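Student: I have a structure open and would like to work through some of its computed features. Can we take them one at a time?

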Amino acid sequence: MPLAPHLVRVVTSAEADARDRAAIDAGTPSRALMQRAGAATAAEIALRFRSRLRAGALVFAGPGNNGGDAWVVARALAAAGVVVRVSEPIPANTDDARAERELALPFVEVVASDAGAAASGDAFRGEGIVIDGLLGTGSAGAPRGSIAAAVAGMRPMRERGAAIVALDMPTGVDATTGQTHKPARADVTFTYGTLKRGHLVARAACGRIIVLDIGLGAHADLDDGAPIVVTGRWVAAKVPDIPADAHKGTRKKLAIVGGGPGMSGAAILTARAAWRSGIGMVKLVVAQETLASVREAEPQSLTAPWPQSADDVERDVTKWADVVALGPGLGGGAAARALVERVLRDFKGPVVIDADAINIFDSDVGALSILLDGRAAVLTPHPMEFARLAGKPIDDVLKNRFDVAVPMARHTRAVVLLKGQPTIVSAPDGVRLVSASGTPLLAAAGSGDLLTGMVATLLAQTGDPLNAAACAAWVHGHAARLAQHGQKDTRGFSLDDALAQLPNAWSITTAPSRYPVLLELPDLSSR
């Protein structure tokens with residue numbers, strides 16, 4: 001099924017090239033795509049950096065089509081009255097780039113481009129905007145020679161007051177892996193038609209990320225399984241309304257099994273997030289030793305001790321709950337595994353498996369798959385928990401974060417929400433959704449417990465594990481953004497601030513974006 005026009009896919013360098021090639025083969029000239037990209041970027045720069053452009057723009061144009069984009073931007077800004085100077089460390093070497101260079105030359109000043117001048121930053125004359133059009137999505141590895149010298153010269157320009165604008169990718173950032181090689185950190189990165197994986201991995205290098213439409217049309221949505229970016233508009237369409245005649249039964253009942261000795265806080269946070277996500281009733285099923293403290297800390301929730309028999313499970317879970325969240329503060333060891341197995345054998349409804357309920361199946365995903373038995377389920381590991389469960393090195397998980405959970409989702413027939421920045425939600429049929437709404441505020445103990453309560457609430461109310469996981473992940477991150485009140489630095493904020501913002505985060509207001517902007521992600525760096 002084709003994507004809605006406002007949705008964007010996350011692609012590798014090769015997948016981005018395939019989309020460009022499909023549009024070109026269908027009759028759109030490659031130079032037309034270049035002109036659209038450059039013109040749209042110039043218009044956005046003029047809109048967003050009007051005051052800075054009074055000091056002029058310095059454009060670094062590389063030899064390939066990314067450099068061609070830069071020449072289009074240079075000409076368009078000059079036509080708008082901006083004083084534009086262009087440095088070209090290596091002459092244009094594609095037909096399209098050479099043609100755009102010739103069109104721009106009468107309107108711009110070409111400055112000295114030797115490696116020594118570039119490395120020392122001598123090309124800079126106090127311009128308000130510096131544009132990085134050296135290398136595009138097809139480049140890999142560290143920049144070399146005069147390109148590397150130009151990047152080295154660009155880096156201090158930001159410290160001297162210029163805003164750095166990158167075209168497609170900051171030079172030195174791999175579009176597929178996000179590996180960085182000392183790029184000039186961008187304040188804004190404009191990219192075209194699709195979001196690249198590298199943007200989401202290297203958020204600190206990219207600054208604010210803006211996806212612009214350049215006329216790829218349906219070719220931006222090639223049926224190659226590339227993940228889809230979750231947006232507020234998408235979430236607003238998926239989260240069900242709570243009807244006027246709702247009661248606690250229709251808002252559903254959640255049992256949280258966790259809260260071992262010394263770890264009751266995790267289960268309490270899960271409950272609080274569920275309450276702030278619209279659940280109707282919560283029962284905290286916790287260790288006998290923590291019952292009193294849990295009752296005192298969370299009086300609006302019911303409580304019960306860990307079940308010791310099938311009858312206990314039937315009374316406190318099976319006959320009561322619509323959904324079960326297993327794991328927050330559960331603890332490890334044989335007793336914890338026996339408890340999880342007892343609950344999963346006797347309760348056949350939807351479940352969310354988190355934290356210690358994942359860790360107890362260390363390298364034994366087959367046993368977990370048997371217990372899940374094809375029910376609606378969401379696994380919510382962070383990368384280390386996923387590595388333990390899958391029996392993989394953590395570096396492999398991080399390196400392949402966009403793809404690594406698909407086999408596990410197929411094997412367990414459960415949705416796998418791999419937490420992180422970005423968060424990747426993988427379904428058993430191979431569909432993947434990507435949430436990039438979070439901030440470093442969520443990099444704290446207890447963050448995953450909040451998310452578990454949110455996922456469980458939506459799973460109970462919708463029965464759809466993929467949408468429940470993706471919507472909860474996006475709102476979780478959105479709450480952190482709201483908690484920071486627009487401030488970049490997360491120091492001074494805590495998870496309590498994010499939790500307090502959940503009522504506002506669930507109240508999503510959407511409106512059409514300003515064309516040609518398809519997607520915009522905030523700058524997450526505090527620098």
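Student: How many disulfides does the structure hold?
Tutor: This is a predicted model. A disulfide would need a pair of cysteine sulfur atoms within 2.5 Å. The number of disulfides in the structure is zero.

Student: Is Cys 206 buried or exposed?
Tutor: Buried means under 20% relative accessible area. Cys 471, at 2% relative accessibility, counts as buried. Because its relative accessibility is 0%, Cys 206 also counts as buried.

Student: Which charged residue is in the lining of the largest cavity?
Tutor: The structure holds one cavity of 30 Å³ or more, and the space in the largest cavity is about 30 Å³. By class, its lining has four nonpolar, three polar and one charged residues. Leu 135, Ser 139, Ala 140, Gly 141, Pro 143, Gly 172 and Val 173 are among the lining residues.

Student: Which strands stand at the edges of the open sheet of ten strands?
Tutor: The sheet has mixed pairing and the order β10-β19-β18-β17-β16-β15-β14-β11-β12-β13. An edge strand here has a single partner strand, so one side of it is left without a neighbour in the sheet. The strands at the edges are β10 (228–229) and β13 (302–305).

Student: Which residue in β19 is the bridge partner of Val 229?
Tutor: Strands β10 and β19 (residues 432–435) run parallel and are joined by two bridges. In β19, the partner of Val 229 is Val 434.

Student: Is Glu 127 buried or exposed?
Tutor: Glu 127 sits in the loop between α5 (115–120) and β5 (129–133). Leaving aside neighbours within four places in sequence, Glu 127 is in contact with Ala 55, Gly 56, Ala 57, Leu 58, Arg 85 and Ala 162. Because its relative accessibility is 4%, Glu 127 counts as buried.

Student: How far apart in space are Glu 127 and Leu 482, C-alpha to C-alpha?
Tutor: In sequence, Glu 127 and Leu 482 are 355 residues apart. In space, the C-alpha to C-alpha value is 34 Å.

Student: How many of the eight residues of helix α15 are buried?
Tutor: The buried residues in α15 are Val 365, Ala 367, Leu 368, Ser 369, Leu 371 and Leu 372. Their cover includes α13 (334–346), β15 (351–353), β16 (377–379), α16 (383–390) and α18 (406–412). Helix α15 (residues 365–372) is therefore largely enclosed by the rest of the structure, and its number of buried residues is six.

Student: Which residue just after α15 takes a positive phi?
Tutor: The phi in question is about 55°. The residue is Asp 373.

How values were computed. Residues numbered from 1 in each chain as written. Predicted model: local features only at pLDDT ≥ 70, side-chain atom pairs only at ≥ 80, totals over all residues. Heavy atoms only, no water. Buried < 20%, exposed > 50% of the residue type's maximum accessible area, 1.4 Å probe, protein only. 1 Å grid on protein atoms, 1.4 Å probe; cavity = no way out; pocket = protein on both sides within 12 Å on 5 of 7 lines; lining within 4 Å. Points joined across faces, edges and corners; volume = space filled by probe spheres on them. Nonpolar A, V, L, I, M, F, W, Y, C, P; charged D, E, K, R; others polar. Pairing = 2+ DSSP bridges. Helix = DSSP H or I, 4+ residues; strand = E, 2+ residues; numbered from the N terminus. Contact = heavy atoms within 4.5 Å.
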